[in-house]
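Thanks for sending this one over. Here are my notes, point by point, for reading beside the model.

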Amino acid sequence: MTRHDGILSGGLLENKELQEPAPRGWGRWFMDLIRPAIFSRGGPRKQIGRTAYLDGLRGFAAFLVYWHHHQLWPRQQFMADLVFETSFGYEGRYHFACLPIIRTVFTGGHFAVAMFFIISGYVLSVKPLNLIYAGDMVKLNENLASALFRRWMRLHIPVLIVSFLFMCSWHAFGIYTISPAQEKKFRDELWNFYITSKHWSFTFRTGGDPWFVYNFPTWSIPVEMKGSIIIYITLLAFSRITKNARLLLYVALMWYYMHIVDGWFGTMFIGGLLLGELDLLARRNELPTIITRFEPWKTPIFYTFLFVGVWLGGVPSHSPNFDLQSAPGWYYLSWFRPQAAFDFKWYYLFWGAFLLMASIPRIWWLKAFFETNFSQYLGRISFSLYMIHGPVLWTLADRLYLMVGYHRDSHLTTPLAYWVDKFPLNTNGPLGLELAFLAPHLIILPVTFWLAEIVTKLIDEPSNKFAHWVYKRVLPPSATPAQPAVPLRHVPREVM
(Lines give C-alpha, C1' and ligand atoms only; values in the text may rest on other atoms or scores of the structure.)
Protein backbone atom coordinates (compact mmCIF):
# COMPACT_ATOMS: atom_id res chain seq x y z
CA MET A 1 0.00 0.00 0.00
CA THR A 2 1.55 3.30 -1.03
CA ARG A 3 1.25 6.70 0.54
CA HIS A 4 -0.67 7.87 -2.51
CA ASP A 5 -3.44 5.28 -2.20
CA GLY A 6 -5.32 7.95 -0.28
CA ILE A 7 -8.57 8.05 1.59
CA LEU A 8 -10.20 5.23 -0.29
CA SER A 9 -7.42 2.79 0.38
CA GLY A 10 -5.41 3.82 3.38
CA GLY A 11 -6.96 2.57 6.57
CA LEU A 12 -10.16 0.64 6.13
CA LEU A 13 -9.03 -2.52 4.39
CA GLU A 14 -11.09 -5.29 5.84
CA ASN A 15 -8.06 -7.41 6.73
CA LYS A 16 -5.21 -4.97 6.80
CA GLU A 17 -3.14 -5.02 9.95
CA LEU A 18 -3.00 -1.49 11.30
CA GLN A 19 0.58 -0.56 12.05
CA GLU A 20 1.20 1.43 15.19
CA PRO A 21 3.56 4.39 14.75
CA ALA A 22 6.95 4.21 16.37
CA PRO A 23 7.11 5.82 19.83
CA ARG A 24 7.99 9.50 19.80
CA GLY A 25 7.87 12.48 22.13
CA TRP A 26 4.77 14.54 22.72
CA GLY A 27 6.43 17.61 21.22
CA ARG A 28 7.23 15.81 17.97
CA TRP A 29 3.73 14.35 17.87
CA PHE A 30 2.14 17.76 18.36
CA MET A 31 4.27 19.38 15.67
CA ASP A 32 3.39 16.60 13.24
CA LEU A 33 -0.26 17.10 14.12
CA ILE A 34 -0.40 20.82 13.42
CA ARG A 35 2.12 21.02 10.58
CA PRO A 36 0.24 21.66 7.30
CA ALA A 37 0.96 19.18 4.54
CA ILE A 38 2.40 21.95 2.38
CA PHE A 39 5.24 22.31 4.89
CA SER A 40 5.86 18.59 5.23
CA ARG A 41 8.87 17.01 3.58
CA GLY A 42 7.70 14.84 0.72
CA GLY A 43 9.54 11.83 -0.62
CA PRO A 44 9.69 10.59 -4.18
CA ARG A 45 6.35 9.85 -5.81
CA LYS A 46 5.52 6.18 -5.51
CA GLN A 47 3.44 4.02 -7.78
CA ILE A 48 -0.25 4.63 -7.26
CA GLY A 49 -2.96 2.00 -7.23
CA ARG A 50 -5.35 1.08 -9.99
CA THR A 51 -8.32 2.89 -8.44
CA ALA A 52 -6.44 5.82 -6.90
CA TYR A 53 -8.39 8.12 -9.22
CA LEU A 54 -11.41 7.45 -7.00
CA ASP A 55 -9.53 9.00 -4.09
CA GLY A 56 -9.05 12.18 -6.07
CA LEU A 57 -12.62 12.17 -7.32
CA ARG A 58 -13.94 11.86 -3.78
CA GLY A 59 -11.65 14.68 -2.69
CA PHE A 60 -12.90 17.04 -5.39
CA ALA A 61 -16.48 16.03 -4.60
CA ALA A 62 -15.91 17.09 -0.98
CA PHE A 63 -14.50 20.38 -2.23
CA LEU A 64 -17.60 20.93 -4.39
CA VAL A 65 -19.76 20.56 -1.28
CA TYR A 66 -17.57 23.13 0.50
CA TRP A 67 -17.75 25.55 -2.44
CA HIS A 68 -21.50 25.12 -2.95
CA HIS A 69 -22.26 26.01 0.66
CA HIS A 70 -19.97 29.02 0.57
CA GLN A 71 -21.54 30.29 -2.63
CA LEU A 72 -24.99 30.29 -1.02
CA TRP A 73 -24.29 31.31 2.58
CA PRO A 74 -23.24 34.99 2.21
CA ARG A 75 -25.91 35.69 -0.42
CA GLN A 76 -28.99 34.45 1.44
CA GLN A 77 -30.25 38.03 1.71
CA PHE A 78 -30.59 38.04 -2.08
CA MET A 79 -32.18 34.57 -2.44
CA ALA A 80 -29.07 33.34 -4.24
CA ASP A 81 -30.29 29.75 -4.23
CA LEU A 82 -33.11 30.74 -6.56
CA VAL A 83 -30.45 31.86 -9.05
CA PHE A 84 -27.66 29.32 -8.49
CA GLU A 85 -29.90 26.26 -8.19
CA THR A 86 -32.21 26.79 -11.15
CA SER A 87 -30.86 27.15 -14.68
CA PHE A 88 -29.29 29.63 -17.08
CA GLY A 89 -31.98 32.00 -18.32
CA TYR A 90 -34.58 31.07 -15.70
CA GLU A 91 -36.90 34.07 -15.15
CA GLY A 92 -34.66 36.16 -17.37
CA ARG A 93 -31.51 35.72 -15.28
CA TYR A 94 -28.34 35.08 -17.25
CA HIS A 95 -25.21 34.45 -15.21
CA PHE A 96 -21.97 32.78 -16.20
CA ALA A 97 -22.10 30.68 -13.02
CA CYS A 98 -25.41 29.16 -14.16
CA LEU A 99 -24.31 28.00 -17.60
CA PRO A 100 -24.71 24.27 -18.24
CA ILE A 101 -21.63 22.30 -17.13
CA ILE A 102 -20.06 25.50 -15.73
CA ARG A 103 -22.69 25.57 -13.00
CA THR A 104 -21.29 22.34 -11.54
CA VAL A 105 -18.16 24.24 -10.49
CA PHE A 106 -20.23 26.70 -8.45
CA THR A 107 -23.11 24.63 -7.10
CA GLY A 108 -22.09 21.01 -7.59
CA GLY A 109 -22.68 19.97 -3.99
CA HIS A 110 -25.69 17.77 -4.74
CA PHE A 111 -23.83 16.23 -7.66
CA ALA A 112 -20.97 15.52 -5.27
CA VAL A 113 -23.27 13.65 -2.87
CA ALA A 114 -24.41 11.43 -5.75
CA MET A 115 -20.76 10.74 -6.55
CA PHE A 116 -20.08 9.89 -2.89
CA PHE A 117 -22.80 7.26 -2.91
CA ILE A 118 -21.80 5.67 -6.21
CA ILE A 119 -18.13 5.63 -5.19
CA SER A 120 -19.13 3.97 -1.90
CA GLY A 121 -21.12 1.31 -3.72
CA TYR A 122 -18.02 0.63 -5.81
CA VAL A 123 -15.40 0.54 -3.06
CA LEU A 124 -17.49 -1.38 -0.53
CA SER A 125 -17.84 -4.20 -3.04
CA VAL A 126 -14.29 -4.51 -4.40
CA LYS A 127 -12.96 -7.08 -1.94
CA PRO A 128 -16.20 -9.10 -1.59
CA LEU A 129 -16.48 -9.35 -5.38
CA ASN A 130 -12.92 -10.65 -5.60
CA LEU A 131 -13.76 -13.26 -2.97
CA ILE A 132 -16.95 -14.23 -4.82
CA TYR A 133 -15.05 -14.80 -8.05
CA ALA A 134 -12.37 -16.70 -6.13
CA GLY A 135 -15.13 -18.95 -4.80
CA ASP A 136 -14.10 -18.38 -1.18
CA MET A 137 -17.46 -18.13 0.58
CA VAL A 138 -15.98 -18.56 4.07
CA LYS A 139 -13.76 -15.51 3.76
CA LEU A 140 -16.58 -13.63 2.07
CA ASN A 141 -18.79 -14.16 5.12
CA GLU A 142 -15.96 -13.10 7.42
CA ASN A 143 -15.30 -10.04 5.30
CA LEU A 144 -18.94 -8.90 5.26
CA ALA A 145 -19.35 -9.54 8.99
CA SER A 146 -16.31 -7.43 9.78
CA ALA A 147 -17.36 -4.61 7.45
CA LEU A 148 -20.93 -4.44 8.75
CA PHE A 149 -19.82 -4.58 12.40
CA ARG A 150 -17.49 -1.60 11.96
CA ARG A 151 -19.50 0.49 9.50
CA TRP A 152 -21.69 2.45 11.95
CA MET A 153 -18.69 3.36 14.08
CA ARG A 154 -16.62 4.31 11.05
CA LEU A 155 -19.26 6.72 9.76
CA HIS A 156 -20.76 8.23 12.90
CA ILE A 157 -18.06 8.46 15.56
CA PRO A 158 -15.91 11.08 13.75
CA VAL A 159 -18.95 13.26 13.02
CA LEU A 160 -20.19 13.05 16.61
CA ILE A 161 -16.77 14.00 18.00
CA VAL A 162 -16.30 16.95 15.61
CA SER A 163 -19.84 18.21 16.20
CA PHE A 164 -19.56 17.82 20.00
CA LEU A 165 -16.32 19.80 20.10
CA PHE A 166 -17.86 22.47 17.87
CA MET A 167 -20.85 22.71 20.22
CA CYS A 168 -18.63 22.93 23.30
CA SER A 169 -16.60 25.76 21.74
CA TRP A 170 -19.67 28.00 21.80
CA HIS A 171 -19.92 27.89 25.57
CA ALA A 172 -16.24 27.50 26.38
CA PHE A 173 -15.06 30.46 24.28
CA GLY A 174 -18.22 32.51 23.85
CA ILE A 175 -18.44 31.92 20.10
CA TYR A 176 -21.78 33.05 18.74
CA THR A 177 -23.26 31.57 15.57
CA ILE A 178 -26.42 32.72 13.82
CA SER A 179 -26.77 29.11 12.68
CA PRO A 180 -26.90 26.58 14.25
CA ALA A 181 -29.09 28.05 17.00
CA GLN A 182 -27.61 27.89 20.49
CA GLU A 183 -29.03 27.18 23.92
CA LYS A 184 -28.33 29.69 26.68
CA LYS A 185 -27.11 27.11 29.18
CA PHE A 186 -24.50 24.44 28.51
CA ARG A 187 -26.61 21.89 30.36
CA ASP A 188 -29.50 22.49 27.97
CA GLU A 189 -27.09 22.32 25.04
CA LEU A 190 -25.81 18.92 26.15
CA TRP A 191 -29.34 17.59 26.40
CA ASN A 192 -30.26 18.96 22.98
CA PHE A 193 -27.10 17.44 21.51
CA TYR A 194 -28.02 14.07 22.97
CA ILE A 195 -31.59 14.22 21.62
CA THR A 196 -30.65 15.34 18.13
CA SER A 197 -27.62 13.06 17.77
CA LYS A 198 -29.49 9.91 18.79
CA HIS A 199 -32.23 10.60 16.25
CA TRP A 200 -29.75 11.52 13.52
CA SER A 201 -27.62 8.41 14.07
CA PHE A 202 -30.52 5.94 14.03
CA THR A 203 -30.30 4.35 10.61
CA PHE A 204 -33.91 3.23 10.40
CA ARG A 205 -35.72 6.30 11.69
CA THR A 206 -38.98 6.89 9.87
CA GLY A 207 -39.66 10.55 10.59
CA GLY A 208 -38.39 13.74 12.14
CA ASP A 209 -35.92 16.31 10.90
CA PRO A 210 -33.35 14.72 8.55
CA TRP A 211 -30.76 17.34 9.47
CA PHE A 212 -28.21 17.04 12.24
CA VAL A 213 -28.57 20.57 13.57
CA TYR A 214 -25.01 20.70 14.93
CA ASN A 215 -23.52 19.85 11.53
CA PHE A 216 -26.10 20.18 8.74
CA PRO A 217 -23.97 18.85 5.83
CA THR A 218 -23.69 15.45 7.54
CA TRP A 219 -27.34 14.61 6.78
CA SER A 220 -25.91 12.17 4.22
CA ILE A 221 -24.13 9.98 6.80
CA PRO A 222 -27.23 7.99 7.88
CA VAL A 223 -28.11 7.62 4.19
CA GLU A 224 -24.59 6.30 3.64
CA MET A 225 -25.24 3.74 6.36
CA LYS A 226 -28.48 2.61 4.70
CA GLY A 227 -26.73 2.27 1.36
CA SER A 228 -23.90 0.30 2.94
CA ILE A 229 -26.36 -2.18 4.39
CA ILE A 230 -27.96 -2.54 0.96
CA ILE A 231 -24.55 -3.35 -0.54
CA TYR A 232 -23.63 -5.93 2.11
CA ILE A 233 -27.01 -7.68 1.89
CA THR A 234 -26.97 -7.66 -1.91
CA LEU A 235 -23.47 -9.12 -2.06
CA LEU A 236 -24.38 -11.89 0.35
CA ALA A 237 -27.70 -12.68 -1.31
CA PHE A 238 -26.21 -12.78 -4.82
CA SER A 239 -22.90 -14.42 -3.91
CA ARG A 240 -23.82 -17.90 -5.18
CA ILE A 241 -25.80 -17.13 -8.32
CA THR A 242 -24.42 -16.89 -11.84
CA LYS A 243 -22.65 -13.83 -13.18
CA ASN A 244 -25.34 -12.94 -15.72
CA ALA A 245 -28.13 -13.40 -13.19
CA ARG A 246 -26.29 -11.14 -10.75
CA LEU A 247 -25.83 -8.37 -13.33
CA LEU A 248 -29.48 -8.54 -14.37
CA LEU A 249 -30.62 -8.37 -10.76
CA TYR A 250 -28.43 -5.31 -10.15
CA VAL A 251 -30.26 -3.54 -12.99
CA ALA A 252 -33.62 -4.72 -11.64
CA LEU A 253 -32.79 -3.37 -8.18
CA MET A 254 -31.68 -0.04 -9.63
CA TRP A 255 -35.00 0.25 -11.46
CA TYR A 256 -36.92 -0.72 -8.33
CA TYR A 257 -35.22 1.79 -6.05
CA MET A 258 -35.67 4.67 -8.51
CA HIS A 259 -38.89 3.97 -10.44
CA ILE A 260 -41.04 1.78 -8.18
CA VAL A 261 -40.24 3.24 -4.75
CA ASP A 262 -38.56 6.46 -3.64
CA GLY A 263 -35.24 4.84 -2.80
CA TRP A 264 -32.91 6.86 -5.02
CA PHE A 265 -29.90 6.28 -2.76
CA GLY A 266 -30.28 2.52 -3.25
CA THR A 267 -29.99 3.03 -7.00
CA MET A 268 -26.75 4.96 -6.51
CA PHE A 269 -25.15 2.35 -4.28
CA ILE A 270 -26.19 -0.54 -6.52
CA GLY A 271 -24.98 1.50 -9.51
CA GLY A 272 -21.53 1.67 -7.91
CA LEU A 273 -21.67 -2.07 -7.26
CA LEU A 274 -22.54 -2.67 -10.93
CA LEU A 275 -19.62 -0.53 -12.10
CA GLY A 276 -17.29 -2.39 -9.74
CA GLU A 277 -18.29 -5.79 -11.05
CA LEU A 278 -18.08 -4.68 -14.67
CA ASP A 279 -14.55 -3.38 -14.05
CA LEU A 280 -13.63 -6.71 -12.49
CA LEU A 281 -15.07 -8.59 -15.46
CA ALA A 282 -13.19 -6.30 -17.86
CA ARG A 283 -9.89 -7.21 -16.15
CA ARG A 284 -10.81 -10.88 -16.44
CA ASN A 285 -11.87 -10.49 -20.11
CA GLU A 286 -15.34 -11.76 -19.18
CA LEU A 287 -17.54 -8.80 -20.03
CA PRO A 288 -20.97 -9.64 -21.45
CA THR A 289 -21.16 -9.65 -25.24
CA ILE A 290 -23.71 -6.85 -25.23
CA ILE A 291 -20.93 -4.58 -23.92
CA THR A 292 -17.89 -5.89 -25.82
CA ARG A 293 -19.59 -5.40 -29.19
CA PHE A 294 -19.23 -1.63 -28.66
CA GLU A 295 -15.45 -1.87 -28.13
CA PRO A 296 -14.56 -0.19 -31.50
CA TRP A 297 -16.49 2.93 -30.50
CA LYS A 298 -15.51 3.13 -26.84
CA THR A 299 -13.67 6.46 -27.12
CA PRO A 300 -16.60 8.51 -28.50
CA ILE A 301 -18.98 6.63 -26.21
CA PHE A 302 -17.12 7.53 -23.04
CA TYR A 303 -16.58 11.15 -24.09
CA THR A 304 -20.33 11.32 -24.66
CA PHE A 305 -20.86 9.83 -21.21
CA LEU A 306 -18.62 12.53 -19.76
CA PHE A 307 -20.48 15.37 -21.47
CA VAL A 308 -23.96 14.06 -20.67
CA GLY A 309 -22.93 13.20 -17.10
CA VAL A 310 -21.69 16.68 -16.27
CA TRP A 311 -24.72 18.24 -17.99
CA LEU A 312 -27.13 16.17 -15.91
CA GLY A 313 -25.10 16.98 -12.80
CA GLY A 314 -26.31 20.57 -13.16
CA VAL A 315 -30.00 19.71 -12.80
CA PRO A 316 -31.98 22.51 -11.12
CA SER A 317 -32.12 21.62 -7.45
CA HIS A 318 -33.84 24.58 -5.81
CA SER A 319 -36.65 22.49 -4.31
CA PRO A 320 -38.56 19.24 -4.94
CA ASN A 321 -41.54 21.36 -6.05
CA PHE A 322 -39.59 23.24 -8.69
CA ASP A 323 -41.23 23.16 -12.14
CA LEU A 324 -38.47 21.53 -14.17
CA GLN A 325 -40.28 22.14 -17.46
CA SER A 326 -39.99 25.89 -16.89
CA ALA A 327 -36.18 25.71 -16.70
CA PRO A 328 -34.50 26.49 -20.05
CA GLY A 329 -32.72 23.41 -21.39
CA TRP A 330 -34.69 20.97 -19.23
CA TYR A 331 -38.13 20.82 -20.82
CA TYR A 332 -37.67 17.56 -22.69
CA LEU A 333 -35.48 16.03 -20.00
CA SER A 334 -38.27 16.65 -17.50
CA TRP A 335 -40.35 13.99 -19.27
CA PHE A 336 -38.04 11.29 -17.88
CA ARG A 337 -38.75 12.16 -14.26
CA PRO A 338 -39.82 8.98 -12.39
CA GLN A 339 -43.28 8.99 -10.86
CA ALA A 340 -41.98 7.55 -7.58
CA ALA A 341 -39.37 10.25 -7.00
CA PHE A 342 -40.34 12.87 -4.41
CA ASP A 343 -37.21 14.94 -5.11
CA PHE A 344 -36.63 14.63 -8.85
CA LYS A 345 -33.07 15.94 -8.81
CA TRP A 346 -31.67 12.66 -7.50
CA TYR A 347 -32.79 10.84 -10.65
CA TYR A 348 -30.77 13.15 -12.89
CA LEU A 349 -27.89 13.32 -10.44
CA PHE A 350 -27.69 9.52 -10.39
CA TRP A 351 -27.32 9.33 -14.15
CA GLY A 352 -24.88 12.21 -14.16
CA ALA A 353 -22.63 10.66 -11.51
CA PHE A 354 -22.99 7.15 -12.93
CA LEU A 355 -21.92 8.23 -16.44
CA LEU A 356 -19.08 10.34 -15.04
CA MET A 357 -17.83 7.43 -12.92
CA ALA A 358 -17.94 5.10 -15.93
CA SER A 359 -16.03 7.53 -18.17
CA ILE A 360 -13.17 8.70 -15.93
CA PRO A 361 -11.03 5.52 -15.98
CA ARG A 362 -11.45 5.33 -19.78
CA ILE A 363 -10.33 8.92 -20.49
CA TRP A 364 -6.61 8.95 -19.75
CA TRP A 365 -6.09 12.67 -19.12
CA LEU A 366 -9.08 12.89 -16.78
CA LYS A 367 -7.99 9.83 -14.84
CA ALA A 368 -4.45 11.26 -14.65
CA PHE A 369 -5.81 14.52 -13.24
CA PHE A 370 -7.46 12.72 -10.33
CA GLU A 371 -4.22 10.85 -9.68
CA THR A 372 -2.13 14.01 -9.20
CA ASN A 373 -0.59 14.76 -5.82
CA PHE A 374 -3.09 17.52 -5.04
CA SER A 375 -6.05 15.32 -5.96
CA GLN A 376 -4.73 12.56 -3.72
CA TYR A 377 -4.26 15.11 -0.94
CA LEU A 378 -7.90 16.16 -1.25
CA GLY A 379 -8.86 12.51 -1.20
CA ARG A 380 -7.01 11.92 2.04
CA ILE A 381 -8.74 14.79 3.87
CA SER A 382 -12.11 14.50 2.09
CA PHE A 383 -14.10 13.01 4.99
CA SER A 384 -12.70 15.56 7.43
CA LEU A 385 -13.26 18.39 4.95
CA TYR A 386 -16.86 17.26 4.69
CA MET A 387 -17.22 17.29 8.49
CA ILE A 388 -15.36 20.50 9.31
CA HIS A 389 -16.31 22.95 6.55
CA GLY A 390 -19.70 23.68 8.13
CA PRO A 391 -18.32 24.72 11.54
CA VAL A 392 -15.69 26.88 9.82
CA LEU A 393 -18.38 28.47 7.63
CA TRP A 394 -20.61 29.36 10.60
CA THR A 395 -17.77 30.87 12.69
CA LEU A 396 -14.73 32.23 10.86
CA ALA A 397 -16.20 32.57 7.37
CA ASP A 398 -19.43 34.21 8.50
CA ARG A 399 -17.48 36.95 10.26
CA LEU A 400 -15.19 37.51 7.28
CA TYR A 401 -18.18 37.78 4.94
CA LEU A 402 -19.74 40.32 7.31
CA MET A 403 -16.53 42.35 7.30
CA VAL A 404 -16.36 42.65 3.51
CA GLY A 405 -20.02 43.57 2.99
CA TYR A 406 -22.19 40.43 2.97
CA HIS A 407 -24.82 40.46 5.69
CA ARG A 408 -28.48 39.67 6.32
CA ASP A 409 -30.95 41.70 8.34
CA SER A 410 -30.89 38.98 10.99
CA HIS A 411 -27.19 39.64 11.58
CA LEU A 412 -27.91 43.23 12.70
CA THR A 413 -29.76 42.16 15.84
CA THR A 414 -27.08 39.75 17.08
CA PRO A 415 -23.56 40.07 18.53
CA LEU A 416 -22.31 39.56 14.98
CA ALA A 417 -23.43 43.10 14.11
CA TYR A 418 -20.03 44.25 15.38
CA TRP A 419 -18.35 42.71 12.33
CA VAL A 420 -20.59 44.27 9.68
CA ASP A 421 -18.69 46.32 7.06
CA LYS A 422 -15.45 46.48 9.03
CA PHE A 423 -13.48 46.11 5.80
CA PRO A 424 -15.94 46.61 2.91
CA LEU A 425 -14.99 45.38 -0.54
CA ASN A 426 -16.71 45.62 -3.90
CA THR A 427 -19.59 43.12 -4.03
CA ASN A 428 -20.27 43.80 -7.70
CA GLY A 429 -18.97 41.57 -10.47
CA PRO A 430 -19.79 38.20 -12.02
CA LEU A 431 -22.02 36.17 -9.72
CA GLY A 432 -19.90 33.78 -7.71
CA LEU A 433 -16.65 35.55 -8.58
CA GLU A 434 -17.03 38.90 -6.83
CA LEU A 435 -13.92 40.35 -5.20
CA ALA A 436 -15.71 40.58 -1.85
CA PHE A 437 -16.50 36.87 -2.04
CA LEU A 438 -13.13 35.58 -3.25
CA ALA A 439 -10.87 37.68 -0.99
CA PRO A 440 -11.99 36.07 2.31
CA HIS A 441 -11.07 32.67 0.90
CA LEU A 442 -7.41 33.66 1.07
CA ILE A 443 -7.98 32.93 4.77
CA ILE A 444 -10.98 30.57 4.80
CA LEU A 445 -9.65 27.98 2.34
CA PRO A 446 -6.21 27.32 3.90
CA VAL A 447 -7.67 27.35 7.42
CA THR A 448 -10.35 24.84 6.40
CA PHE A 449 -7.79 22.57 4.72
CA TRP A 450 -5.47 22.83 7.73
CA LEU A 451 -8.23 21.95 10.19
CA ALA A 452 -9.31 19.08 7.93
CA GLU A 453 -5.76 17.71 8.09
CA ILE A 454 -5.79 17.92 11.89
CA VAL A 455 -9.20 16.25 12.10
CA THR A 456 -7.98 13.50 9.76
CA LYS A 457 -4.98 12.77 11.98
CA LEU A 458 -6.60 13.36 15.37
CA ILE A 459 -10.14 12.01 14.89
CA ASP A 460 -10.79 10.30 11.54
CA GLU A 461 -7.86 7.87 11.41
CA PRO A 462 -8.00 7.00 15.15
CA SER A 463 -11.75 6.33 14.82
CA ASN A 464 -10.96 3.87 12.06
CA LYS A 465 -8.41 2.13 14.27
CA PHE A 466 -10.86 2.12 17.15
CA ALA A 467 -13.48 0.32 15.05
CA HIS A 468 -10.88 -2.31 14.09
CA TRP A 469 -9.80 -2.66 17.73
CA VAL A 470 -13.36 -3.16 18.98
CA TYR A 471 -14.04 -5.84 16.39
CA LYS A 472 -10.87 -7.73 17.25
CA ARG A 473 -11.65 -7.50 20.97
CA VAL A 474 -15.05 -9.19 20.61
CA LEU A 475 -13.87 -12.01 18.34
CA PRO A 476 -13.32 -15.37 20.01
CA PRO A 477 -9.64 -16.21 20.64
CA SER A 478 -9.46 -18.69 17.77
CA ALA A 479 -10.88 -16.26 15.19
CA THR A 480 -8.67 -14.02 13.10
CA PRO A 481 -9.67 -11.49 10.46
CA ALA A 482 -9.88 -13.02 7.02
CA GLN A 483 -7.00 -12.69 4.63
CA PRO A 484 -7.50 -12.01 0.92
CA ALA A 485 -7.99 -15.15 -1.12
CA VAL A 486 -6.48 -13.48 -4.18
CA PRO A 487 -3.72 -10.87 -4.43
CA LEU A 488 -5.22 -7.40 -4.71
CA ARG A 489 -2.98 -4.66 -6.01
CA HIS A 490 -5.23 -1.89 -4.79
CA VAL A 491 -8.35 -2.35 -2.69
CA PRO A 492 -10.21 0.94 -2.17
CA ARG A 493 -11.09 2.11 1.26
CA GLU A 494 -14.70 2.79 2.19
CA VAL A 495 -15.29 5.96 4.13
CA MET A 496 -18.39 8.08 3.73
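1. A word on contacts to begin: two residues are in contact when heavy atoms lie within 4.5 Å. Among contacts in the chain between residues at least 6 apart in sequence, 75% join residues at least 24 apart.

2. Please keep in mind that this is a predicted model, in which local features need pLDDT of at least 70, side-chain atom pairs count only at pLDDT 80 or more, and totals for chains, interfaces and linings use all residues. Numbering runs from 1 along each chain as its sequence is written, and side-chain values use heavy atoms, with hydrogens and water left out.

3. What secondary structure does the chain have? There are 17 helices and zero strands, where helices (H or I, at least four residues) and strands (E, at least two) are DSSP runs numbered from the N terminus.

4. On overall dimensions, a compact globule of 496 residues would have a radius of gyration near 23 Å, and the chain agrees because its own value is 23 Å. That radius is taken over C-alpha atoms, and the globule rule is 2.2 Å times the number of residues to the power 0.38. Along its principal axes, the C-alpha trace spans about 65 × 60 × 50 Å.

5. Of the 496 residues, 53% count as buried; buried means under 20% relative accessible area, exposed over 50%, and partly exposed in between (1.4 Å probe, protein chains only).

6. For anyone thinking about cysteines: the structure holds zero disulfides, a disulfide being a pair of cysteine sulfur atoms within 2.5 Å. Cysteine 98 counts as buried because its relative accessibility is 3%. Cysteine 168 is also buried, at 18%.

7. Threonine 203 sits in the loop between α7 (186–200) and α8 (220–237). Is threonine 203 buried or exposed? With 7% relative accessibility, threonine 203 counts as buried. Leaving aside neighbours within four places in sequence, its contacts are Trp152, Pro222, Met225, Lys226 and Ile229.

8. Glycine 405 is also a loop residue, placed between α15 (373–404) and α16 (435–438). Its relative accessible area of 24% makes glycine 405 partly exposed. Not counting residues up to four places away in sequence, glycine 405 touches Asp421 and Thr427. The C-alpha atoms of glycine 405 and phenylalanine 437 are separated by 9.1 Å, though the two are 32 residues apart along the chain.
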